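The following note sets out comments on the structure shown below, in numbered points.

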Amino acid sequence: MKRTHIIALILIAIAITLMFLSSKDLSTFSTFEKAELNGSRVKIAGQLAKNEPMIYNPEKDANYFSFYLTDSNNETRQVEVREPKRRDFERSEQIVVTGKINAQGIFEASEMLLKCPSKYKEEELALRKQAALGS
Amino acid sequence: MSEVTYIGEHLWLGYLGHFAVTLAFVSALFSAWSYYKSIKTDTSWFRLGQWGYIVHGISILLIIGLVLFAMTSRFYEYDYVYRTVSDSSPMRYLLAAFWADQEGSFLLWMFWHVILGWIFMTKGKEWTAPTMITLALIQVFLTSMLLGVYIPFFEDDFKIGSNPFILVRDVYQAPIFANADYLTLIEGRGLNPLLQNYWMTIHPPVLFLGFASVSIPFCMSIAGLSADNHMALMKPILKWSLFSAFIFGLGILMGGAWAYEALTFGGYWAWDPVENSSLVPWLVLLAGIHTNLIARSTQFSIKTTYVYYMLAFLLVLYSTFLTRSGILGDTSVHAFTTMGLESQLLLFIFFFAGLGIYKYVVGGKTIPTKPKEEHIYSREFWMFVGALVLFFSGLLMTASTSLPVYNKIFEIWDPNHIPIAIDDAMHHNNKYQLWIGVFIGVLSGLSIMLRYNGANWLSYKKKYVKHILACIAVSLLFTALIGSVLRTFAWQHHVFLFAGLFAIIANLNYLVSFLKGNLKMSGSVISHLGFGFLVLGIMFSGLNNETITASAFVQQDFAEGDGIDKAVVLIKDEPYFTSGYWINFKGDTLVENLRKYKLEFSKINEQEEVVDGFTTFPSAIYNRDFTKVEALNPGTNRNLTYDVFTAAAPPPHMQSIEQAKDTEDSLKYLSHLVSPGTTFEEETYIATVGSPMFNHDFNDSDHGDSTKYDLTVGIPLEIEIKRTGEKLNVTPGLGLKNALVFQFPVVIDKLGIKIKVPESSFAQIFTEEDKLQYEDVILSRDQTIQWNSFNVTLSGFDRSGNFDNYTAQEGDIAIAALLNITTQGGIQTIQKPVFILRNAQQYSIKDYNAVTGLHIRFSNIDPASESMTFRVAQDMRTNEELELLIANDVPRSDLLIVEANIFPGINLVWLGCLMMLAGLLLSFLGKRRITT
């Protein structure tokens, strides 16, 4: 066996080990119910509960934003993040938050990912301004 | 709808375009076939192959020309034009708009294949035909992406390609297409404002030239595997690969620079799947270049070279699949629309993967294997390991980037499969790629001073060990020095730092001691030096960056995280002190759809003296109709050793009309009844009410030019802020236009209040016609009488016929009376009521003056007595109390949410990358000199 082959095999072995090690970095999506039960840090995907209030008052605290999220079990809970409210937050199709539930039952997210609809999908044909009114 | 004969369409362009697409497809196929025949049967086919590719190239150029022509002419009947251009699109972004969408970017890719193919046709020598077969086949697949043919497949239509000449009325189902002249009614959507910048003009062509150039080593590898003189190929293939690695690397670097300049995340690399998927083929291409160099010098690693080159191309295809199939939707910040060509892209990958594997299996046998093994003290051995590490890096990245693909595959088996995702891609990749960086740094230092084949190792050994030990010692010294400045928080960081420094020092040493500064030979040294600097830059900017606007948590008991709040709120003209800087938000300027915020920074020392001052301009880009902020761009202050990076956002209610409305709806207005001349006091201010002002010119950009209003009224207020004693003059009011009432509210940010005049105030000031009590007033010329508190004089007549609200008809007799009116307070006005005799009927046009509140009609002329009868009424402004609506706790509009970061050493990142590329370019140019 050639030395290069040995090194290649070693690297492959390292690769497999790393893949196993890196499984820690992976997570599946959880729900509020489970998060409350085991109290650990989880990832929850859900939709913005549009009828519940969103709190963001930059004059008071620019780094506090709160909203309500409905998870895949249809449970709605308050979520807090320590960051300014993001642009176009209301338009997000899906919100993925990572964090845990605190003593008050509020989900404290340290990370948030928004999935926004692609640019023009639902947009109607753009009409020439005003001209459409006359026709 | 199909019976409608549409007006104004330019269908000839579409017909020509469809023809050109078909011709491009057929001629590419013909070219590939002819090249193939020229090898297998008769060399006379070669000319046909060449001509086929020339015709193919011309067709591609024609397609591009037609699309660009349709775009400049704004032929909105074509969907592609409709999607990318609007009436207001500036033409300087024409090219950006052209390749912003899928079809255009495919065309750009094909364009480069055409140009590279044309060059190869003249320079390829004996490799021309076997290489061009594959290139022409690639073009067949790419052109098929534009065919736009639907083939019935069971119940669905199977779509082959997406044609850039498809008509907008074939794409959308809308009632508007019942109109024959629908084109006069529609306007294109135009380029996303986010993409309207110079990066979008220069980045895609470079990156796509990079993509396209990777095809050449692939095609040449296929050609090589079909022949048996492999060593003869190693020189020309290296030349093309070096060019490709240079351009491709430049494209990726430009992407990073764009991200750094335009994106608010504050960085040049985010391990985003889209970024990774273009970095991976580049790394594999670099691995190929390394084994190619080995092969050229020692005849080892020919097979491996083919594998890397072929993989690099296949990974470009895979990257295309990932970014264009929409599969990354959940994990990437880059928004992509799907073309519905997923299966076609997969077929594309599988075809060429199959071709590569087949050729490798069949042709691989002809590659000579050397009986001897690489010497462990030879350069090639360690270069080979280095190449393996590069490949390995790409493998790791692909493994994690492909998670959405695994999820998709699992979903086919198990519809209940719960998708898995990387928790923190940034952290994950940094953790593993750090070790790749360590290996590359160390290996590049160790191997550069070794010789091919381990020539004269025994006599060289001593010198080598001496140099290496010296380099290690110097590197350790620097690691200790720099490590004390860096905010490292893991031992791995020290190892990484050492690897970077060792790469720099070993390569510098080689350049000085061995090459004696001979730049011609130093391509690889410069690249590896660059890598070392890149490592330093990554460490400084990544570890020592500092958020100067950061503050510790106010709130206890918050989830783990970095424990700091990063943003602060700045109020206009109120300087804010943080981390040694005074930051002052000085206001904003609006140019076209870009609002620039001006942030003035002054750095002070402990004696509170200003030691440094600079200004940054973060900005917000609005959408086309100014209803919302489409993007926020950071502003950066560049310095040699550090950058100050500022991201700013206006408060939510200033970001879109929707949010502004929500905020307005949430305000609670309290009614204040006030009389002119009186004063009222609130907790934070004292307000003095003035008399209503009529026809006040509201300088209100939201409502356009207020002079266009039929009637306006403003209530002047002088507001004294109790806390500061400052006095402000504001005028909230109302405007009337075509029976619609418009509000001109006033927001006072310093008090957090908003003042409106309710619409009902109009009725209070202006009495409706049916409630007016008219009285007859009879006047003769130059006579003055007293009516109520007014002196009214009939000073003359106007027979010109040019009166407001009057259109002359034949036979009309129209006279206006000129009435001079003086109020008790001495205000003089002239009112002009009009008397009309039309078809023996009497009419009158009322004249109304808001200041006097007088309504006057000219009702009769008595020719005998020369006396005129007027009907006069006055607005019933008996109720002196006016209503004001005042809301408290109104969100301020003069504030900005700001995050400012200092990135030290960011220029080392750029320097390192540029040196890596310069090394590649130097090698490319140098090697070319040798071959010619």
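Predicted model: local features only at pLDDT ≥ 70, side-chain atom pairs only at ≥ 80, totals over all residues.

1. A definition comes first: two strands are taken to pair if DSSP finds at least two bridges between them. With that in mind, B:Thr822 stands opposite B:Gln828 in strand E31 of chain B.

2. The strands around E30(B) deserve a joint description. Strand E29 (residues 790-798) of chain B pairs with strand E30 (residues 813-822) of chain B over seven bridges, in the antiparallel sense. Within this pairing, B:Asn791 has B:Thr822 of E30(B) as its bridge partner. E30(B) is also joined to strand E31 (residues 828-831) of chain B by four bridges, and these two strands run antiparallel. The hairpin of E30(B) and E31(B) has five residues between the strands, and B:Gly826 there takes a positive phi near 90 degrees.

3. E30(B) has a further antiparallel partner in strand E32 (residues 834-838) of chain B, to which four bridges join it. In E32(B), B:Val834 stands opposite B:Ala816.

4. The side chains of B:Arg838 and B:Asp812 meet at 2.9 Å, N to O. B:Arg838 belongs to strand E32 of chain B and B:Asp812 to the loop between E29 and E30 of chain B, so the pair ties together parts that are 26 residues apart in sequence. B:Asp812 counts as buried because its relative accessibility is 16%, and buried means under 20%.

5. How many salt bridges does a search of the whole structure find over all chains? The search finds 28. Side chains of opposite charge can pair when their charged atoms come close. One network of salt bridges links A:Arg87, A:Asp88, A:Arg91, B:Lys628 and B:Glu630.

6. A:Arg87 and A:Asp88 form a salt bridge through their side chains (3.7 Å, N to O). A:Arg87 is partly exposed at 25% relative accessibility, whereas A:Asp88 is buried, with a relative accessible area of 16%. B:Lys628 and B:Glu630 form a salt bridge at 3.9 Å, N to O, and both of these residues are buried.

7. Chain A can be summarised as follows. Its secondary structure comes to three helices and six strands, which follow the pattern α-β-α-β-β-β-β-β-α along the sequence. Of the 135 residues of chain A, 43% count as buried. Among the contacts in chain A with a separation of 6 or more, 46% are accounted for by residues 24 or more positions apart. Chain A exposes about 7,600 Å², and carbon and sulfur atoms supply 54% of this area.

8. For chain B, the domain assignment gives domain 1 (1-196), domain 2 (202-415), domain 3 (423-544), domain 4 (551-649 + 898-904), domain 5 (668-765) and domain 6 (769-874). The centres of domain 2 and domain 3 of chain B, taken over C-alpha atoms, are separated by 25 Å. Their contact takes 26 residues from domain 2 of chain B and 23 residues from domain 3 of chain B.

9. Is B:His528 buried or exposed? B:His528 is buried, with a relative accessible area of 17%. Apart from neighbours within four places in sequence, B:His528 is in contact with B:His290, B:Ser444, B:Ile448, B:Ala503 and B:Asn507.

10. Another sheet in chain B is open and contains four strands in the order E19-E20-E23-E24, with antiparallel pairing. Its edge strands are strand E19 (693-694) and strand E24 (740-744) of chain B, each of which pairs on one side only. Strand E23 (residues 733-737) of chain B and E24(B) are antiparallel and share five bridges. B:Lys737 has B:Leu740 in E24(B) as its bridge partner.

11. Helix H1 (11-40) and helix H2 (45-72) of chain B are the elements that give two or more residues to the patch. H1(B) gives the most, with four residues. B:Val55 has its place in helix H2 of chain B and is partly exposed, with a relative accessible area of 32%.

Technical notes: Residues numbered from 1 in each chain as written. Chains lettered and ligands numbered in written order. Heavy atoms only, no water. Buried < 20%, exposed > 50% of the residue type's maximum accessible area, 1.4 Å probe, protein only. Domains from an automatic or database assignment. Contact = heavy atoms within 4.5 Å. Areas by Shrake-Rupley, 256 points an atom, 1.4 Å probe, with all protein chains shown as cover. Salt bridge = Lys/Arg side-chain N within 4 Å of Asp/Glu carboxyl O.
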